[in-house]
Every structure is written in C-alpha cells, then in structure tokens.
Amino acid sequence: MNRPHHILLPVNPYFIAFSLAAAFFLNLLPWGKWIGVPDFVAIVLLFWNVHQPRKVGMGIAFLLGLLIDVHDAGLFGEHALAYTLLSYGAIMVHRRVLWLALGAQVFVVMPLLVVAQVVPFVIRLIAGGAFPGWGYLLDGFVGALLWPIANVLLLLPQKRAADPDDTRPI
C-alpha cells in the first residue's frame with residue numbers, strides 16, 4: 001500500500017490549547033449525558049498524546065480530568081485517573097499508532113478510549129453509585145469511530161500547501 005506521507009509543519013502550542021479547550025466546552029454541553037456521545041476531551045487528548053507526546057503529557061491529562069470532575073460534580077479524581085491512564089497508554093503506543101494506516105489506528109485507540117470510559121464506571125460502582133447501564137461504555141466505541149475525523153481535522157493546520165513543483169523531493 002502506497003500512502004502519501006506529508007511533511008508537517010511544527011504544531012502551534014496555541015492550537016493545541018485551543019483544541020483542548022474546544023473539546024472541553026463540547027463536553028460541557030448538555031448532550032454529554034446521552035448514550036453514544038463520546039468524550040471529546042479524551043479523543044483530543046489521545047490525539048495530542050499520540051502526535052505530540054512531549055508537548056501534551058500526563059500532567060495536562062490529569063488537570064483536564066480534574067476540570068471534568070468539577071463539571072460532573074461526581075467523585076473528585078475519577079476522570080483525572082482515567083485521563084492519566086489514557087495518556088500513559090497513548091504515549092506508550094504512539095510510535096506504533098503513527099505507522100499504521102488511519103483505518104487501522106481505530107483498532108489501536110479503541111481499547112484506550114474504552115478503558116477511559118471503564119475507569120470512572122468502575123470507580124462509581126465501587127463508591128456505591130447507581131449502575132448507569134451498559135450503554136455508558138458505548139461512548140468509547142463511538143469515540144474510536146470518530147478518530148479518523150479528529151485526526152484529519154487536527155492535522156489540517158500542520159499540513160503544507162500542495163507544491164506543484166514535482167522536481168523537488170520535499
């Protein structure tokens with residue numbers, strides 16, 4: 001399979017911050033409690049952990065998790081733990097993910113996103129919370145299906161313009 005490889009421009013740190021903030025605000029919308037609505041912070045955090053592990057790490061994941069915990073008014077630290085584990089897993093496999101085709105990447109990021117859903121699920125059950133139903137875990141699978149769209153959208157600012165000069169290798 002012959003895939004075109006793009007030489008990407010360096011990522012703008014402000015774009016990383018903007019994308020994480022936009023994902024956070026998407027999670028704040030009232031549809032966040034519906035079944036099948038993915039965790040946008042987890043998807044964007046996973047993307048940046050795979051593509052820029054030195055700029056977005058477990059510390060940022062932990063802080064974003066605490067912000068989501070404050071918003072959800074649930075147990076403090078459940079999303080912080082989930083996002084930290086997600087970030088750790090993404091950093092561990094980031095080189096392997098980048099070598100795969102976009103369609104195959106879905107199967108690598110799916111377990112990471114599902115684990116990010118399972119951790120708060122289990123913590124709530126251990127703490128004596130009500131069983132939210134198995135549909136709660138569907139969000140991780142939906143997030144994995146959105147991975148190719150997130151990948152294309154978040155890489156757009158880094159792609160170089162197409163160069164019509166075919167004699168230059170770069």
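Me: Start with one side chain. Is Phe 141 buried, partly exposed or exposed?

Reply: This is a predicted model. Phe 141 has a relative accessible area of 37%, so Phe 141 is partly exposed. Phe 141 is found in helix α6.

Me: Which residues does Phe 141 touch, beyond those up to four places away in sequence?

Reply: Phe 141 touches Met 110 and Val 114.

Me: Now the helix pair. At what angle do α5 and α6 pack?

Reply: Their angle is about 150°, and the axes are 8 Å apart. An angle over 145 degrees counts as roughly antiparallel. That makes α5 roughly antiparallel to α6. The crossing of the two is right-handed.

Me: Which residues of α5 and α6 meet?

Reply: On the α5 side they are Val 106, Met 110, Leu 113, Val 114 and Gln 117. On the α6 side they are Asp 139, Gly 140, Phe 141, Gly 143 and Ala 144. By class, the contact of α5 with α6 has 6 nonpolar, 3 polar and 1 charged.

Me: Next, α4 and α5. How are their axes placed?

Reply: Helix α4 covers residues 78-99, and helix α5 covers residues 102-126. Their axes come within 9 Å and cross at roughly 165°. Use the cut-off again: α4 and α5 are therefore roughly antiparallel to each other. This crossing is right-handed.

Me: Which residues make the contact of α4 with α5?

Reply: From α4, take Glu 78, His 79, Leu 81, Ala 82, Leu 85, Leu 86, Gly 89, Ala 90, Val 93, Val 97 and Leu 98. From α5, take Gln 105, Val 108, Leu 112, Leu 113, Ala 116, Val 119, Pro 120, Ile 123 and Arg 124. They divide into 15 nonpolar, 3 polar and 2 charged.

Me: On to the rings. How many aromatic pairs does the structure hold?

Reply: A pair of aromatic rings is described by the distance of the centres and the angle of the planes. The structure holds 8 aromatic pairs. One of them joins Phe 121 and Tyr 136, at 5.8 Å centre to centre and 20° between the planes. That pair is stacked. The pair links distant parts of the chain, 15 residues apart: Phe 121 is in helix α5, and Tyr 136 is in the loop between α5 and α6.

Me: What are the relative accessibilities of Phe 121 and Tyr 136?

Reply: Phe 121 has a relative accessible area of 6% and is buried. Tyr 136 is at 16% and counts as buried. Now take another pair, Phe 131 and Trp 134. Their rings are edge-to-face, 5.3 Å centre to centre with 75° between the planes. Here Phe 131 is partly exposed at 44%, and Trp 134 is exposed at 62%.

Me: Which residues form one aromatic cluster?

Reply: Phe 15, Phe 47, Trp 48 and Trp 147 do.

Me: Where does Leu 8 lie?

Reply: Leu 8 lies in the segment before α1. Leu 8 has a relative accessible area of 34%, so Leu 8 is partly exposed. The C-alpha atoms of Leu 8 and Gln 158 are separated by 5.1 Å, yet these residues are 150 residues apart along the chain. Not counting residues up to four places away in sequence, Leu 8 touches Leu 155, Gln 158 and Lys 159.

Me: Finish with the whole chain. How many helices and strands are there?

Reply: The secondary structure comes to 7 helices and 0 strands. Buried residues make up 42% of the 170 residues. Of the contacts with a separation of 6 or more, 69% are between residues 24 or more positions apart.

Terms used:
Residues numbered from 1 in each chain as written. Predicted model: local features only at pLDDT ≥ 70, side-chain atom pairs only at ≥ 80, totals over all residues. Heavy atoms only, no water. Axes fitted to C-alpha atoms, helices over the stretch in contact; angles between N-to-C directions. Helix = DSSP H or I, 4+ residues; strand = E, 2+ residues; numbered from the N terminus. Parallel < 35°, antiparallel > 145°, perpendicular 65-115°, else oblique. Left-handed = near helix turned anticlockwise from the far one by under 90°. Contact = heavy atoms within 4.5 Å. Nonpolar A, V, L, I, M, F, W, Y, C, P; charged D, E, K, R; others polar. Phe/Tyr/Trp six-rings, centres within 6.5 Å; stacked < 30°, edge-to-face > 60°. Buried < 20%, exposed > 50% of the residue type's maximum accessible area, 1.4 Å probe, protein only.
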